[in-house]
Amino acid sequence: MQHPSKEERVHKVFEKIYGNYDKMNSVISFKRHTAWRKDTMKRMNVQIGASALDVCCGTADWTIALSEAVGDSGKVSGLDFSKNMLSIGEEKVKALGKKNIELVHGNAMELPYEDNTFDYVTIGFGLRNVPDYFKVLKEMYRVVKPGGKVVCLETSQPTLIGFRQMYFLYFQYIMPALGKIFAKSYEEYAWLHESAKDFPGMKELKEMFEKAGFENVQVKAYTGGVAAMHLGFKPTK
């Protein structure tokens, strides 16, 4: 029997958990994910009237935050390959009356945009789920304008002995149990452990950013390194 590809497996996960995704994010991160994103936005210093793309936008929380930052004169696109996740995002955008957001069904590996289109390109808790991290970073590099910023907020690998072991025990055993209790989805949350375990640490991801072409790459660890932000600039020349 042929095993499903990573892309097929991830797609199945998010098509199933979409209804409880926002609630579970708050449960498994102890609501820290909103503070991490808020600090990341502060560091991005998004300008009024700018254009932004949110890759793997899911239920569009970061897309909406970007829309508020760029204001009515700016434009934001959110892209995700799960139609069910996008349907939740569309409900939020409609309820908020946001006119400067476009949600697109698409593949992060082949972004449907021209070169040098956006001032900011973000990916929040999505990079670890794509089949090829480097290819997606190169795609983000391609569509951001020279001088623009690409930002990744993602789970990471704590380095402090003891805390690191507790983190992986939490991801391996407790988080799937929480998924079973609150979302009736044990297998899907077990996948999150696998994807986080295999994702590069902060130093390795920074090197990947630099290899993709970004300069002045900034790294910020959150909550002992369970998550991290990487921000890189596309050279102007």
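## A first look at Glu-139

Is Glu-139 buried or exposed? At 13% relative accessibility, Glu-139 counts as buried, where buried means under 20% relative accessible area, exposed means over 50%, and partly exposed lies in between (1.4 Å probe, protein chains only). Glu-139 belongs to helix α6; helices (H or I, at least four residues) and strands (E, at least two) are DSSP runs, numbered from the N terminus. Setting aside residues up to four places away in sequence, Glu-139 touches Ala-108, Met-109, Glu-110 and Leu-111, with contact meaning heavy atoms within 4.5 Å.

This is a predicted model, in which local features need pLDDT of at least 70 and side-chain atom pairs count only at pLDDT 80 or more, while totals for chains, interfaces and linings use all residues. Residues are numbered from 1 along each chain as its sequence is written, and side-chain values use heavy atoms, leaving out hydrogens and water.

## Rings that meet

Let's turn to the aromatic rings. The structure holds six aromatic pairs. Rings of Phe, Tyr and Trp (its six-membered ring) pair if their centres lie within 6.5 Å; planes under 30 degrees apart count as stacked, over 60 as edge-to-face and the rest as tilted. The ring centres of Tyr-133 and Phe-199 are 5.1 Å apart and the planes are at 75°, so this pair is edge-to-face. Tyr-133 lies in helix α6 (residues 133-143) and Phe-199 in the loop between α8 (186-198) and α9 (202-212), so the pair ties together parts that are 66 residues apart in sequence. Both Tyr-133 and Phe-199 are buried.

Phe-209 and Phe-214 make another pair: their ring centres are 5.3 Å apart with planes at 40°, so the pair is tilted. Phe-209 is buried at 0% relative accessibility, and Phe-214 is buried at 3%. Elsewhere, ring pairs link Trp-36, Phe-125 and Tyr-222 into a cluster.

Which residues of α9 are buried? They are Met-202, Leu-205, Met-208, Phe-209 and Ala-212. These residues cover an arc of only 120° around the axis, which puts them on the same side of α9; the arc is that of the directions from the helix axis to the C-beta atoms. An α-helix has 3.6 residues a turn, so residues three or four places apart point the same way.

On the other side of α9, Lys-203 and Lys-211 are exposed. The cover over the buried residues of α9 includes α6, β5 (144-155), β6 (215-222) and β7 (227-233). Just after α9, Gly-213 takes a positive phi of about 120°.

## Inside the cores

A nonpolar core is a set of buried Ala, Val, Leu, Ile, Met, Phe, Trp, Tyr and Cys residues joined through side-chain atoms within 4.5 Å. The largest one has 42 residues, and Met-44, Trp-62 and Leu-66 have the most contacts inside it. Helix α7 (residues 163-183) gives the most to this core, with six residues. A second, separate core of 28 residues includes Leu-111, Val-121, Val-143 and Leu-205.

Leu-231 is found in strand β7 and, at 1% relative accessibility, counts as buried. Among the residues that Leu-231 touches, not counting those up to four places away in sequence, are Met-44, Val-151 and Phe-209.

## Annotated positions

The UniProt annotation "binding site", from an unreviewed entry, covers Thr-59, Asp-80, Asn-107 and Ala-108. UniProt positions are given in the numbering used here, feature names are shortened, and annotations may be inferred rather than shown by experiment.

Thr-59 has its place in the loop between β1 (51-55) and α4 (61-70), and at 2% relative accessibility it counts as buried. Leaving aside neighbours within four places in sequence, the contacts of Thr-59 include Tyr-21, Asp-22 and Lys-92. Asn-107 lies in the loop between β3 (101-105) and β4 (118-124) and counts as partly exposed, at 27% relative accessibility. Not counting residues up to four places away in sequence, Asn-107 touches Glu-7 and Leu-79.
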